[in-house]
Amino acid sequence: MRRNSLTGLAAVFASAAGLAASLLVAGPAGAVSGQPVITLDAPTPVALPAAPATAGLYFDFHTKAKNLTADDATLTVDARGLSKIAKVEFSSNCTVHGLVATCSESFESGSNPKIGLGSMTQLTLTALRGSRLGATGTYKITGRSAHAQIAGGTGSVTVGGPSFGLTRLADRSNLKVGSTVAEPVRFTNAGNRPARGVQTALAASPGLDFADHYANCKYGFNGAIHFAVCYPKGGINIAETAALAAPVRLHVNSTALFTYLDVLTAPLGQPGWPDGQGIKWTWGKRSAPALKLKVIKAGRRSSAPAGSVSLPQTGTVRDYQISSLKARNTADFAVSGASAQADTGKTATLDLHLTANGPATLYDRSGGEGVPTAWVTLPPGTTAVGHSANCAPWQENNPTAEAKGPYVCGLPSFIVPKGQATDFALTLRVDDVVAHAKGSVQLVWGPDPADSHRPDFDPDSRNDSAVLTMN
């Protein structure tokens with residue numbers, strides 16, 4: 001089965017172990033100039049756990065070409081450079097000769113090539129018993145197709161590595177606006193090699209600001225989310241538990257409601273980490289103090305070289321944690337109605353709105369259940385003949401619903417700041433003139449209007465509904 005390419009972040013950051021490293025790109029021999037190009041994404045360096053545990057290698061590609069179909073593609077994976085460190089198993093789409101495999105692939109880019117291309121080809125690696133911790137090998141990927149050039153590259157595999165497990169963060173509620181909350185961050189190296197250092201990324205959601213700025217941290221923002229990446233000095237031995245010497249202090253500002261602190265940690269030098277996400281970084285002032293590490297529980301020294309590539313996360317070891325921080329605040333949402341006139345057989349457009357009056361920003365990480373929508377009932381005697389892109393009939397592909405409604409109109413994002421006004425439009429044809437025909441727009445919470453319950457943080461119910469009048 002084809003593995004879908006990861007094209008977006010499911011959380012605030014991508015996992016450190018899944019981020020890209022350097023790539024040596026080379027075009028295939030005999031490539032035809034002017035053909036579209038399919039390029040291998042940078043293979044992630046892999047750290048092998050002790051046998052019998054395994055590590056997987058997966059390969060994603062990208063292209064700038066639209067509607068490209070290369071159903072005759074062949075990838076050649078030369079894994080002879082791994083012969084001294086790992087047992088290699090190839091996926092079922094490959095024909096294998098020793099440690100060289102020829103793998104059949106089919107690539108389709110569609111109309112939006114930015115989403116990336118997955119591949120069926122994958123490798124399962126098991127460290128050879130007795131292989132030296134820190135030993136490294138490489139593999140090479142090339143490809144060919146009659147329909148495109150395939151640009152491959154090389155990847156690296158290392159035996160052993162550190163693996164940081166973050167201690168669970170504390171969830172808090174009923175936080176007062178204007179207060180400061182402190183969140184300790186500690187972790188344990190559960191790997192089989194020491195780490196020469198640590199890097200920790202922090203994301204403060206809308207409503208939170210970092211109260212401290214350290215000289216050895218860089219800061220940036222992406223939309224309404226504030227980021228920091230800190231590099232406290234100090235090696236981390238095997239089984240050692242360490243902590244940021246000072247808790248992460250967050251100021252709860254006037255827009256806070258449902259807020260979160262996301263924390264991701266990795267060995268210092270983890271290739272390609274953290275994911276840039278277009279963030280422009282600014283270092284803390286040199287005059288500011290540096291954030292340090294403190295040892296909570298001493299680990300054990302090892303003759304193995306320190307590593308910078310994390311082992312795969314397994315069991316209860318997690319390098320990513322989220323703290324839920326709920327503020328005591330309100331966020332008022334309101335809908336507005338509209339009126340229009342039209343003769344029989346003519347059309348008119350009703351323009352309605354959903355407005356966030358604040359003061360808090362609504363930040364919904366539930367998958368859409370915590371964001372309001374507008375539920376629209378059409379005035380009698382009318383038929384819907386058009387609607388804005390952010391509205392749709394409650395039952396898609398149902399001719400009756402498309403004509404008579406009801407319609408549901410949604411917000412553009414799961415982050416809804418104070419002052420955001422979202423415009424909707426429905427175009428109606430008048431079938432029968434009914435004097436002062438009244439429809440309605442109702443504020444609805446969650447995906448199913450039957451289960452809608454107005455939340456406590458929106459105490460004003462007077463602006464949750466409005467009238468739509470035709471004629």
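Mentor: We may, bearing in mind that this is a predicted model. We begin with the link of Cys 94 and Cys 103, which is right-handed, with 105° about the S-S bond.

Trainee: Are Cys 94 and Cys 103 buried or exposed, and what is the S to S distance of their disulfide?

Mentor: Cys 94 and Cys 103 are both buried. A disulfide joins the two, and its S to S distance is 2.0 Å.

Trainee: Why is the disulfide of Cys 217 and Cys 230 given its handedness?

Mentor: Cys 217 and Cys 230 are joined with their sulfur atoms 2.0 Å apart. The torsion about this S-S bond is about 110°, so the disulfide is right-handed.

Trainee: Which strands hold Cys 217 and Cys 230?

Mentor: The pair links distant parts of the chain, 13 residues apart. Cys 217 counts as buried because its relative accessibility is 0%, and Cys 230, at 3%, counts as buried too. Cys 217 lies in strand β19 (residues 217-222) and Cys 230 in strand β20.

Trainee: What pattern do the disulfides of the protein chain follow?

Mentor: The count comes to three disulfides, and one of them joins Cys 391 to Cys 409. That link is right-handed, with 110° about the S-S bond, and it connects strand β33 (residues 391-393) with strand β34 (residues 407-409). With bonded cysteines counted along the chain, the pattern is 1-2, 3-4, 5-6.

Trainee: Why is the pair of Tyr 231 and Trp 283 classed as it is?

Mentor: A search of the whole structure finds 11 aromatic pairs. For Tyr 231 and Trp 283, the ring centres are 5.8 Å apart and the planes stand at 40°, so the pair is tilted.

Trainee: Which cluster contains Phe 333 and Trp 445?

Mentor: Phe 333 and Trp 445 form an edge-to-face pair, 5.5 Å centre to centre with 85° between the planes. The pair bridges 112 residues of sequence, from strand β27 (residues 331-336) to strand β37 (residues 437-445). Phe 333 counts as buried because its relative accessibility is 1%, and Trp 445 likewise at 8%. Ring pairs link these two into a cluster of Phe 258, Phe 333, Trp 445 and Phe 457.

Trainee: Which residue lies over the face of Tyr 260, and at what distance from the ring centre?

Mentor: Two charged residues may be described here. Lys 218 lies over the face of Trp 281, at 5.0 Å from the ring centre. Over the face of Tyr 260, at 4.7 Å from the ring centre, lies Arg 365.

Trainee: Which residue of β12 is the bridge partner of Lys 140?

Mentor: Strand β12 (residues 153-159) has five of its seven residues buried, so it is largely enclosed by the rest of the structure. Strand β2 (residues 46-48) runs parallel to β12, joined by three bridges, while strand β10 (residues 136-144) pairs with β12 in the antiparallel sense over six bridges. The partner of Lys 140 in β12 is Thr 154.

Trainee: Which strands stand at the edges of the sheet of four strands, and why is one side of each left without a neighbour?

Mentor: The open sheet has the order β13-β16-β21-β25, with antiparallel pairing. Each edge strand has a single partner strand, so one side of each lacks a neighbour in the sheet; these strands are β13 and β25 (293-297).

Terms used:
Residues numbered from 1 in each chain as written. Predicted model: local features only at pLDDT ≥ 70, side-chain atom pairs only at ≥ 80, totals over all residues. Heavy atoms only, no water. Phe/Tyr/Trp six-rings, centres within 6.5 Å; stacked < 30°, edge-to-face > 60°. Helix = DSSP H or I, 4+ residues; strand = E, 2+ residues; numbered from the N terminus. Buried < 20%, exposed > 50% of the residue type's maximum accessible area, 1.4 Å probe, protein only. Lys NZ or Arg CZ within 6 Å of the ring centre and 35° of its normal. Pairing = 2+ DSSP bridges. Disulfide = S-S within 2.5 Å.
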